[in-house]
Amino acid sequence: MKERDFAEFNNRYAGQTCYVVGRGSTTYRYEDLRAVTEPVFFINDAVFLDRYVSAESFFMAHDRDPGRWLEMGIKSTPVLPEDGKIVSGRDDPLFANFAGEVVFYKWQRMEGEKLIRLDRNEVAGKRELYRNTGTIHSLLHFVWYCGFKKIRFIGCDGSTCGSTYDPRLPNLSQTRSWGQYESIRRVQDRLCRHFRFEVEYLSSSPSATQNSFRTEKPQIPKIAHFAWFGSEVPQAVLNNVEMFRRYHQDWEIHLWTSLPDELDADLRKIIESVDLLCMHSDVIRPWLLHRYGGLYIDTDIYTLRSMEELRYFDHFAAAGNQPGAIYNGVMGSRPGSAVMANFLRNVRAVHVRNLNPGSRTRFGPGLLREWNDRYPQELNILPAHYFYVLHTQGSVLKFIEMDRRGERPGFDSVRKRITDGVEPFALHMWGIPANQMPDGKGRSSWARMDRKTAVQSRDDRAGVASPDLPRISDGAQSAKIEHFYQHLGERWFVYPSLYKSMVERGASGSTFVEVGSWKGASASFMAVEIANSGKKIDFVCVDTWAGSDEHQHFPEVKSGRLYDIFIQNITPVKDYIKPLRMASVSASAQFPDETVDFVFIDGAHDFENVYADITAWYPKVKCGGVIAGHDYLVPKYGVARAVEQFFGSEFRNVRSSEGCWIYDKTGDAALKTL
Ligand SMILES: C[S@@+](CC[C@H](N)C(=O)[O-])C[C@H]1O[C@@H](n2cnc3c(N)ncnc32)[C@H](O)[C@@H]1O
């Protein structure tokens with residue numbers, strides 16, 4: 001690492017234009033960055049895009065984790081706070097393999113407002129940049145200090161519509177978008193005014209009403225489904241259904257009070273296995289929408305106006321009032337949509353694999369959230385204020401009371417939550433209030449089926465414990481083993497979440513293969529997870545233990561001791577690992593096709609070898625299994641090219657996390673399961 005002097009940037013680009021690229025959602029074609037000749041500033045994970053840029057580029061980050069990009073060998077010049085979280089100074093180990101130049105500034109002194117009133121020479125003297133909530137705020141101060149006059153923003157418009165980062169960018173920092181972007185944008189605007197920048201926002205994110213799921217013609221039929229299970233339908237529910245009818249006179253309206261006869265047997269079984277009524281309706285709604293299409297509306301939704309315009313979507317759910325949440329209180333779909341089919345597959349997968357067993361929302365909002373986190377481009381998520389603009393039952397009831405008296409109260413006090421100018425369609429009442437229930441007890445989301453019905457349904461299940469319900473945690477659990485991979489050899493193992501999630505989702509009887517185990521760091525992490533899960537997972541580690549080309553200078557490779565070191569290192573978990581000392585492609589021949597649940601490829605990293613590894617191992621993976629590999633994002637390796645070439649049109653279904661590429665093999669590309 002070489003250091004560039006901060007003072008060198010004082011007015012260096014006087015009067016010029018630059019690009020600032022963040023990771024917010026945008027319709028910008030990133031390939032077009034190739035034609036950009038002006039300097040480009042990347043914020044956090046957007047630096048992934050520096051591979052497109054041939055102009056001078058910079059990288060700014062405030063969080064520790066984007067430091068991983070340094071290890072990946074980015075070509076942008078990092079501009080980093082030497083006293084921030086991202087690096088602990090010039091000697092930070094993150095710079096050990098970083099061959100580029102770095103600009104350091106100070107950040108911790110909290111002189112923000114005073115700082116932006118200093119002139120450039122004074123800022124140069126202090127070597128200090130403005131600090132506020134977003135990385136972009138320090139960046140704007142630096143951009144001004146550099147003398148730029150005009151900024152073209154990409155992915156920085158601070159929109160919360162869609163509520164996630166741009167799904168095309170790998171989220172190596174593993175941060176979540178918490179919906180704070182509106183407030184970040186306000187400070188951003190203030191700074192742009194203060195520094196008198198000319199600004200241009202390129203390809204802002206689409207608003208809900210013009211988003212890519214919106215169709216020319218109505219897709220969703222005029223059918224509304226409500227469901228009330230477990231007791232006599234309260235008047236309050238009937239009132240809500242009537243309220244909906246008032247605005248939808250020509251719609252077909254169904255109030256389901258028992259499970260539809262045609263409901264698939266396996267879904268019926270899932271419903272019978274839980275006694276929380278909300279979970280019944282969570283399972284039933286994607287089925288109704290897939291079978292008949294229409295809107296599914298919770299019975300505690302008070303309709304405010306016609307939902308006709310929502311028919312112009314292929315499907316939708318809406319963001320919840322909690323950051324990152326997606327609620328299913330009002331959902332819509334055309335009949336037979338791929339998304340609802342996928343939803344049902346995910347419901348089945350959650351049940352069969354016993355995923356998130358403690359979560360009461362695992363078939364509903366929990367599943368939607370997890371799904372959206374993994375495949376952010378698949379679900380059409382409308383803004384939260386469409387149905388959840390008021391956040392407490394008290395405020396909703398007050399609103400309804402005034403509404404009934406004909407005093408349309410309006411939403412002035414929550415106007416800032418209405419991000420796209422579209423007025424709310426309905427209000428979620430957060431349960432049926434006690435005084436509106438016949439028994440005076442109210443009905444919370446967590447109401448259970450009454451005991452008699454629950455016992456009855458359990459009795460019905462007795463003796464038919466289906467073979468497709470794996471007993472996940474078979475066997476007595478002994479004390480948990482602590483991880484020790486951190487102490488084994490080089491620090492190449494940086495994908496613990498992936499390995500952990502594979503064990504969580506795998507069932508007893510699964511087979512996992514790791515290609516490339518070196519000194520056993522990744523293998524021992526996996527083995528500890530397997531041991532602690534109590535599942536019987538066969539874990540095969542394939543390696544020649546001769547090292548790849550780039551390892552030939554390592555003394556342990558030269559001396560031929562690598563295998564012994566591996567065996568010694570894995571001693572505490574040796575019963576959970578089957579070493580297979582062979583070349584990857586030959587080893588694959590020992591596995592019949594479609595017998596492996598998870599293959600992880602971390603052998604040689606050149607294009608030919610990675611391509612050969614994927615070609616050899618892909619057929620071995622079961623449908624429903626996963627194939628993945630490491631070093632996806634390292635520009636000098638051929639991994640990305642091999643993955644792109646092998647998967648061809650399926651490449652769009654390759655996701656990326658923790659520097660890995662990951663592909664869920666479904667047998668049907670359109671219908672992935674979690
Ligand atoms: C990067 S290291 C694996 C690191 C390991 N996954 C970890 O994180 O601790 C790559 C390993 O792949 C092995 N390898 C390279 N090419 C191989 C091949 N064709 N067949 C089997 N093993 C190979 C090398 O011997 C080396 O041990």
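Me: Of the contacts in the protein with a separation of 6 or more, what percentage is accounted for by residues 24 or more positions apart?

Reply: A contact means heavy atoms within 4.5 Å. Here, residues 24 or more positions apart account for 74% of the contacts with a separation of 6 or more. Please note that this is a predicted model, in which local features need pLDDT of at least 70 and side-chain atom pairs count only at pLDDT 80 or more, while totals for chains, interfaces and linings use all residues. Residues are numbered from 1 along each chain as its sequence is written, and side-chain values use heavy atoms, with hydrogens and water left out.

Me: Which residues of helix α20 are buried?

Reply: In α20, which spans residues 639–647, they are Val639, Ala642, Val643 and Phe647. Seen down the helix axis, these buried residues fall within an arc of 110 degrees, so they line one face of α20; the arc is that of the directions from the axis to the C-beta atoms. Their cover includes α19 (607–617), β21 (621–629) and β23 (660–664). After α20 comes Gly648, with a positive phi near 50 degrees.

Me: Which residues come nearest to the ligand?

Reply: A residue is near a molecule if one of its heavy atoms lies within 4 Å of it. There are 22 residues around the ligand, and Gly516, Ser522, Asp543, Ser584 and Asp602 come nearest. By class, this shell holds ten nonpolar, ten polar and two charged residues. In this scheme Ala, Val, Leu, Ile, Met, Phe, Trp, Tyr, Cys and Pro are nonpolar, Asp, Glu, Lys and Arg are charged, and the others, Gly among them, are polar.

Me: How far is a nitrogen atom of the ligand from an N or O atom in the side chain of Ser522?

Reply: A polar contact is a pair of N or O atoms within 3.5 Å; within protein, one must be able to donate a hydrogen and the other to accept it, and residues adjacent in sequence count only if both atoms are side-chain atoms. For Ser522 the distance is 2.9 Å. A polar side-chain atom of Tyr495 lies 3.4 Å from a ligand nitrogen, and a polar backbone atom of Ala604 is 3.4 Å from a nitrogen atom of the ligand. Taken alone the ligand exposes 600 Å², and the protein buries 93% of that; such areas come from the Shrake-Rupley method with a 1.4 Å probe, and for residues only the protein chains shown count as cover.

Me: Is Asn44 buried or exposed?

Reply: Asn44 counts as buried because its relative accessibility is 6%. Asn44 lies in the loop between β3 (40–43) and β4 (57–60), and its side chain makes a polar contact with that of Thr135 (3.3 Å).

Me: What is the phi of Trp545?

Reply: Trp545 has a positive phi of about 50 degrees although it is not a glycine. Trp545 sits in the loop between β18 (538–543) and α16 (555–558), and is buried, with a relative accessible area of 3%.

Technical notes
Buried means under 20% relative accessible area, exposed over 50%, partly exposed in between (1.4 Å probe, protein chains only). Helices (H or I, at least four residues) and strands (E, at least two) are DSSP runs, numbered from the N terminus.
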